[in-house]
Amino acid sequence: MRDPLLRVERLDAIVDGLSVLDGIDLDLGPGEFLALMGPNGSGKTTLLRCIAGLEWPTAGRISLLGRDITRLPAHRRGIGLLLSEPALFPNRSVLENVAYAPLVQRVSDSEARRIATDALGEVRLEGFEDRPGYALSMGERQRVALARAIAARPQVILLDEPFAAIDPEVRGELRGDFRRALSARGISAIHVTHDREEGLFLGDRVAVMLDGRIRALGTPTELLAVPGSAAVARFLGFNVLPSGDQVVAVDPSDTQFVDAAEGLLSAEMLASGAVGRESVGIARGRSGERIEARGHLEQRWPAVGASVGVRWTNPKVLSPGRPDRTDASPKVR
Amino acid sequence: MGIAGGRVAHGSFGEIGYLAPILLFVLLFALLPVAILFERGWIDGGGAGMFYDTVWREATNRIALFNSLEQGALSAAIAFALGYPAGVFLARYTFPGRATARSFLLLPFLLPTVVVVIGILDLFGPGGWISSAVPVLSWFGEGVPGIVLANLVFNVPLVVLYTALGCESASGDLEESARTLGATPARVYRDVWAGPSLVGASVGVVLTFVFSALAFASPIMICGPRCYTLEAQVYALSSTFLQPTAASLLALAAVLILLVPIVGYVVLANRLKHRDSRGPIRPRPLSRSGWIGRSLAAEATLVFAGIAAVLITVLGRSISPVDGGGFGAGWSDLVSARTTATLGVPIARVIVNTFGFALFAAAATFVLVLLAALALRSRPRWEGGISAYLFLPLLVSPVLLAFSLAEFWRPILGGETTVWILIGISQAILALPFALQSLRVPLAGLSPAPSEAARTLGASRWTAFWDADVPRIGSGIVTAGLFAFAIGLGEFTATYFLYVPSFTTLSVAVYTLQRERFTDATAGAAALLLVVSLVVFAAVVWAGRTRGRHRA
């Protein structure tokens with residue numbers, strides 16, 4: 001990676017007496033789109049708020065282009081933030097919302113208008129200038145929020161689950177438009193999500209955060225090829241299975257339920273059904289682990305309650321290492 | 001059970017039956033008597049011409065009108081100046097004891113007016129602790145300054161409370177977005193939360209104006225006739241000068257004049273209620289704030305310390321000698337023969353009366369509010385209309401309420417022995433709007449799912465309400481009852497209008513003893529009333545916190 005634009009070093013944060021961030025190290029390159037993934041409560045939003053200057057870490061350092069900004073107020077950082085709620089000014093038009101940052105930066109009215117109009121073009125909202133924010137759909141409001149953030153000409157934009165409140169059919173289109181608009185301006189972004197499909201689709205690199213620590217960092221391909229620890233593998237949707245002395249991660253599409261006598265593991269069938277355009281079977285292993293298999297829609301699964309064997313291909317051996325706090329297999333009830 | 005057109009589907013008019021008692025109670029004991037009083041005054045007085053003569057051309061009434069406007073405006077302006085910074089501080093900063101400070105803001109609703117007036121006189125009046133040490137400050141123990149100071153003790157917390165609510169109604173997400181867009185703290189204030197906080201403060205300021213313009217205890221105890229407000233003048237006309245027609249016309253004028261600020265209050269409160277507050281503001285630790293946060297903290301501390309000082313003085317005066325008595329003279333003089341002679345009944349009877357009326361008000365309010373909750377639970381869409389209807393008694397001042405009850409109901413009920421009914425009813429009417437308010441929040445956040453589940457399991461509507469809803473809003477209902485009890489304990493104006501010596505209450509006793517310059521016994525009675533009110537206040541806070549835990 002080129003010299004980092006944003007660098008986070010050994011960042012700790014304690015909120016209400018609980019350690020929420022624990023020694024976070026993270027670099028973000030110019031123009032890079034980093035997806036920060038993790039389950040709820042893993043510390044993603046706190047990390048973003050520390051970077052934005054809305055919360056102060058208890059230890060560590062944040063620098064932007066080599067300049068220490070750890071204690072700099074939010075309005076002097078030049079880092080934009082988008083939340084799942086677009087948070088538009090309620091009594092202002094779309095154009096007035098987008099021109100807010102240029103006007104705060106004391107550029108002339110005509111220049112602010114030009115910047116705002118350009119930004120609205122980037123998010124494909126030409127012709128919406130005079131509409132009030134409340135008259136827009138959720139997806140359109142989120143586009144206005146992005147245009148408003150872009151118009152501030154930040155070097156980094158932080159996206160905190162911006163598509164969480166968007167209908168699924170609009171979400172896909174919005175993801176692509178956001179990515180394109182940011183790339184066109186060369187703006188780096190950290191995109192927080194707990195949706196692994198979204199993170200893997202959008203991120204140049206993906207960081208997986210668990211229990212306040214970054215447990216894995218790499219390109220989506222790298223991460224899917226070598227998930228590293230069991231907890232990360234489980235978060236990425238792999239089955240984590242014992243295989244002799246080793247523990248392996250297996251993609252559900254590489255997992256099969258067979259006759260009990262033929263399996264590498266034995267399990268009990270729990271449920272099956274269609275998910276999207278695939279058919280999914282779920283079983284419980286002997287030690288309580290959840291095992292998922294995926295196939296085409298016509299796939300026939302053993303009856304619920306039946307004893308089955310589990311077979312797999314393409315196992316990825318997980319590093320033994322120190323067990324994570326989240327490594328305990330989630331038990332299926 | 002299903003939802004049909006926004007209401008929970010039922011096949012009967014049961015809800016109207018549950019609502020009928022509270023609707024009838026307000027109609028029969030507030031709206032109807034007042035309407036008939038106004039109608040009689042208008043007809044007996046000769047209509048519009050007499051109305052003009054009574055209100056404007058009669059000098060004492062005109063002075064009362066000016067006094068109301070002057071005292072209301074001064075109190076409102078100073079309450080804003082003192083309350084706004086403290087409200088901002090409470091909403092936007094975290095610090096140890098924040099929850100306790102928030103609870104403290106409820107105290108003015110429950111504090112007997114006579115106790116506060118006695119506290120002001122004990123500090124700044126003749127022989128007061130502060131006026132003795134710094135004589136120039138005796139200015140605050142007499143006339144309009146003293147009245148305004150007493151009004152402030154009640155009303156600054158009101159402005160603080162509503163300012164805090166206004167700040168909290170601003171969008172935290174919008175504030176954070178503005179900050180990351182480069183807006184300075186001053187710009188964030190201007191663009192994001194100045195509006196909501198000022199709307200909130202305005203609600204408190206308007207209420208302060210109304211309460212101060214209708215003040216009764218402070219003008220009559222601190223100043224006398226030259227400072228009478230409309231409320232005190234209505235009392236004087238009806239009870240002292242025996243001019244019921246003039247009194248009813250002046251009361252009508254007071255209602256009409258105060259209609260404007262009251263409508264303003266309703267509009268502002270509605271605006272505050274319906275603000276988009278998605279993403280609540282996140283208060284920051286005081287320890288991390290700069291000079292602004294520390295200045296706000298200092299100002300808020302002064303406000304709270306000032307109120308606490310008044311209350312501590314009342315307690316202190318009851319045990320320190322004033323009239324030459326020994327330690328604890330205030331308390332021992334309460335049971336003296338002179339006190340009994342002054343009041344016409346022994347203090348024990350006064351205490352029994354006080355608790356009896358308060359219990360009557362609390363019980364009536366509890367039952368009425370419980371039934372109303374059951375009806376509103378099933379028909380949430382009625383909530384706006386019912387609240388507006390039950391808000392109407394707020395338009396009726398305590399003197400007007402007592403005056404109309406006496407004129408309408410006393411001839412029907414008969415002699416003095418039935419006065420206790422009217423006192424209890426007046427206290428319940430005055431407590432109802434506040435009691436219902438304490439139920440609105442838990443009712444609004446109440447999920448219908450448990451009660452609907454109970455109904456599908458075969459429970460009757462009442463059983464489902466009792467088993468599924470009451471445990472979740474029970475502390476709200478208890479708070480409503482406690483509120484009514486506390487308001488009844490300290491109610492002075494209506495009670496003073498209606499009482500006869502055998503039904504003297506503690507607040508009336510405080511006023512009577514003070515009027516007779518029986519200083520130590522006054523201090524003792526005021527301290528006793530304060531202690532009881534503080535105990536009930538603690539119970540209200542406890543019930544509120546229990547509710548918070550249930551909701552969590």
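The structure is a predicted model, in which local features need pLDDT of at least 70 and side-chain atom pairs count only at pLDDT 80 or more, while totals for chains, interfaces and linings use all residues. Residues are numbered from 1 along each chain as its sequence is written, and side-chain values use heavy atoms, with hydrogens and water left out.

Chain A is divided into domain 1 (6-225) and domain 2 (230-317), with bounds that come from an automatic or database domain assignment. The centres of the two domains, taken over C-alpha atoms, are separated by 37 Å. The contact (heavy atoms within 4.5 Å) takes 12 residues from domain 1 of chain A and eight residues from domain 2 of chain A.

Between the two domains about 800 Å² is buried, of which carbon and sulfur atoms give 77%; buried area is the accessible area (1.4 Å probe) that two parts lose on being put together, summed over both. In domain 1 of chain A, the most area is lost to domain 2 by Arg196(A), Leu210(A) and Leu224(A), which together account for 51% of what that side buries.

The side of domain 1 of chain A that touches domain 2 comprises eight nonpolar, two polar and two charged residues, where Ala, Val, Leu, Ile, Met, Phe, Trp, Tyr, Cys and Pro count as nonpolar, Asp, Glu, Lys and Arg as charged, and the others, Gly among them, as polar.

Terms used. Chains lettered and ligands numbered in written order.
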